[in-house]
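Hi,

Here is the structure I promised to pass on.

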Amino acid sequence: MSATTACPKTRAFQLRVNPLTGDSEWIVVEEGGDREELEEKTSKNLLATTSYLDMLNDSYRNWAFRAAIEKTIKKPCHVLDIGAGTGLLSMMAARTMAKFEEASEAKVSACESYLPMGKLMRRVLRKNQMEKKVKVFHKRSDELLVGVDLQSPAEVLVSEILDSELLGEGLIPTLQQAHDMLLAKNPQTVPYRATTYGQLVESPFLWKLHDLFSNEINLSDGIHLTPAGLERVIGIKKQQYVMHCTAMSREIRLLSEPFKIFEFDFWKKPESHGEIEMSIKASSDGNVIAVISWWVLQLDEEGSIFYSTAPRWTNCPDNGMVENCIPGNENWCDHWKQCVWFISGAGLPVLKDKLVLFKAAYDEIKISYHLKCDDQTCCNNFNFGNCLLELSPERVAVYGDKDWRSGFINAMRNTLNVRSAPLCIIADDSVFLTILISYLSKNANTISSFPGLQEKGAQYLQAIADSNGFSMDRVKVIGKRASYLLTDNLIQQKVDFLVGEPFYYGNEGALPWQNLRFWKERTLLDSILSEDVVIMPCKGILKVCAMSLPDLWRSRCSLKKVEGFDHSVVNETLGACGNLPPLLEGPCLPYYIWQCGEVEELSEILPLMEFNFLEPIHACSRKIKIEFSKLGICHGFALWIDWVLDNKKSLLVSTGPISRYWKQGVKLLSKPLAVNAAYSFAEIEAFFDHSSGEITISSFSPS
């Protein structure tokens with residue numbers, strides 16, 4: 001081979017969503033080549049939204065793994081790290097074995113299938129002079145072959161492939177394949193064991209997140225998203241829902257003591273399926289709305305090192321669960337949370353000291369539950385397959401919220417009946433607005449784009465049309481972006497109403513301004529809008545509030561040494577926000593502010609920028625001064641959009657933290673700002689790029 005012959009490049013594909021269109025775009029990521037700069041930027045955008053940085057800032061987790069690795073590895077051997085991330089556990093293993101006389105026999109194999117992270121790991125290894133001690137494989141672990149990739153089976157497995165539910169990242173099939181093909185007989189592992197726990201709870205807030213039918217019974221607006229006989233026609237997307245349950249501890253009544261559910265041993269091959277049945281004694285009278293679950297890791301074989309994801313209310317010495325009382329594990333973190341399993345319907349009534357039959361089952365990727373009380377009331381939550389429309393819990397709660405519904409009902413009623421046979425376009429995935437228009441106007445013709453719901457949305461409308469008193473003859477679902485109507489002259493008359501919540505199915509976890517794709521759709525449809533078209537919402541207002549966010553700030557801080565290993569090279573790629581060098585700012589990221597640990601508002605809520613949907617989409621920017629109203633430590637700003645429904649600005653839907661149903665954007669400062677007489681204000685600037693749909697946020701502290 002000549003010196004100029006190109007070597008084969010490693011290639012992977014990354015999925016990116018265009019915020020203005022909602023279209024998925026595949027980005028090719030290669031090692032080397034002319035696209036290196038673009039690929040590096042794409043990797044940064046992707047990795048900044050992951051939990052890697054938060055995990056590396058979890059000092060107790062890092063200490064626990066390091067201590068367990070040092071206890072477990074007693075001589076040089078072959079260590080396999082599956083899901084190696086930045087290579088932290090691999091480096092811990094290599095450093096431990098370097099202390100022994102036979103260190104030359106030590107081998108560490110690091111398997112990381114996610115190419116951008118694998119490339120970042122190589123940079124970390126070089127920074128710590130570990131590139132010759134850790135061999136990196138850009139493969140899935142089930143693609144590794146002993147004798148081809150690995151010189152020999154590994155005697156020790158170190159891995160951290162755990163999600164909040166425990167099994168969702170493929171723990172079971174990964175361990176099965178590793179024990180069959182990659183590990184020596186009777187291997188040692190870190191972690192050693194994981195145990196899942198649960199607790200029965202009652203909570204009005206959790207009830208609102210999943211039981212739309214019961215919420216609608218208490219409303220009198222005439223709209224029935226879940227009519228009688230079709231109570232489960234709308235359900236939640238996931239059976240296990242991840243959230244910070246500690247944040248709502250004041251709204252939870254505990255109806256049982258914590259109880260052990262499953263135990264998974266890493267040191268032996270796990271079963272693909274498992275079931276357990278037990279009787280749980282109710283600790284109080286009440287109505288079980290959910291099972292809250294968590295897990296506890298035993299990292300070493302002796303059982304002296306533990307890590308728990310339990311909510312804080314379990315960390316007390318009298319609950320009989322010593323492993324949950326873990327010193328140093330009290331800090332808020334975002335990478336592992338608790339899981340909520342919603343009980344279908346209005347819940348399961350229980351009486352104090354009576355037994356509840358509890359059944360649990362797991363397969364390779366999930367755990368599910370089943371409850372039964374007194375052999376009469378049965379609550380089976382295994383299968384939501386009969387739900388015609390699956391939405392997120394927050395979206396279910398929004399659709400059952402009286403104030404939210406009345407805002408849209410009043411706005412639509414005030415304008416809809418002024419025209420005899422209006423043509424209305426629903427530009428997003430709002431089933432509520434489709435039903436509302438058909439309910440209020442018997443003559444309206446409605447076209448619902450439903451770009452995300454597609455055929456599911458059409459089937460749902462067909463199922464509930466009679467209950468709401470409208471005919472599907474006047475409703476058409478195209479299942480595509482609203483701008484599709486411009487093709488082939490599908491519209492024969494001018495559009496009288498263009499409306500949206502805005503809500504785009506599948507986009508619930510994104511930054512709030514990514515719903516500005518409504519503005520983009522309005523612009524593309526400009527040629528078919530009537531001169532006096534009603535657009536709702538007519539305006540979006542970007543709001544901002546200075547915040548004290550110490551827990552979130554700690555979890556997003558730039559990294560220096562992590563258990564002795566320099567991780568400074570990962571900060572920009574992983575989206576570090578705090579303790580950054582001068583002139584470098586971190587990204588704006590989506591969070592539920594109310595779940596971010598300790599939070600406090602330090603200023604009034606101010607408008608930062610307005611988006612006028614009566615005009616075509618265009619770039620805009622604004623810079624404002626924020627006066628602090630309280631003393632404290634300012635860590636950054638919360639940002640969200642309030643949607644103005646009418647021209648009088650009398651009807652408004654806010655997506656701010658107080659509602660708890662929407663994520664806000666969070667822009668953390670590079671350095672915390674102590675608010676005092678000398679530093680009584682800060683400045684923030686926003687720029688909206690109408691070509692990309694992104695908003696760039698910059699903050700300035702007084703010098």
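This is a predicted model: local features need pLDDT of at least 70, side-chain atom pairs count only at pLDDT 80 or more; totals for chains, interfaces and linings use all residues.

Let's start with the cores. The largest nonpolar core has 91 residues, and the members that touch the most other members are Val79, Leu200, Leu297, Leu299 and Phe358. Helix α4 supplies the largest share of this core, with seven residues. There is also a second, separate core of 67 residues, and Cys245, Val340, Met472 and Tyr661 are among its members. As background, nonpolar side chains in soluble globular proteins tend to be buried together.

Now for α4 itself. This helix covers residues 88-97 and is mostly covered, with nine of its ten residues buried. Those buried residues include Leu88, Leu89, Met91 and Met92, along with Ser90 and Thr96. Two others on that list, Ala93 and Met97, are also touched by Val79.

Last, have a look at Gln240, which sits in strand β10 (residues 240-243). Is Gln240 buried or exposed? Its relative accessible area is 8%, and buried means under 20%, so Gln240 counts as buried. Its side chain reaches the backbone oxygen of Ile367 at 3.4 Å. Not counting residues up to four places away in sequence, Gln240 touches Ile367 as well as Glu165, Ser293, Cys339, Val340, Trp341 and Tyr369. You have already met one of these, Val340, as a member of the second core.

Cheers

Terms used. Residues are numbered from 1 along each chain as its sequence is written. Side-chain values use heavy atoms; hydrogens and water are left out. Buried means under 20% relative accessible area, exposed over 50%, partly exposed in between (1.4 Å probe, protein chains only). Helices (H or I, at least four residues) and strands (E, at least two) are DSSP runs, numbered from the N terminus. A polar contact is a pair of N or O atoms within 3.5 Å; within protein, one must be able to donate a hydrogen and the other to accept it, and residues adjacent in sequence count only if both atoms are side-chain atoms. Contact means heavy atoms within 4.5 Å. A nonpolar core is a set of buried Ala, Val, Leu, Ile, Met, Phe, Trp, Tyr and Cys residues joined through side-chain atoms within 4.5 Å.
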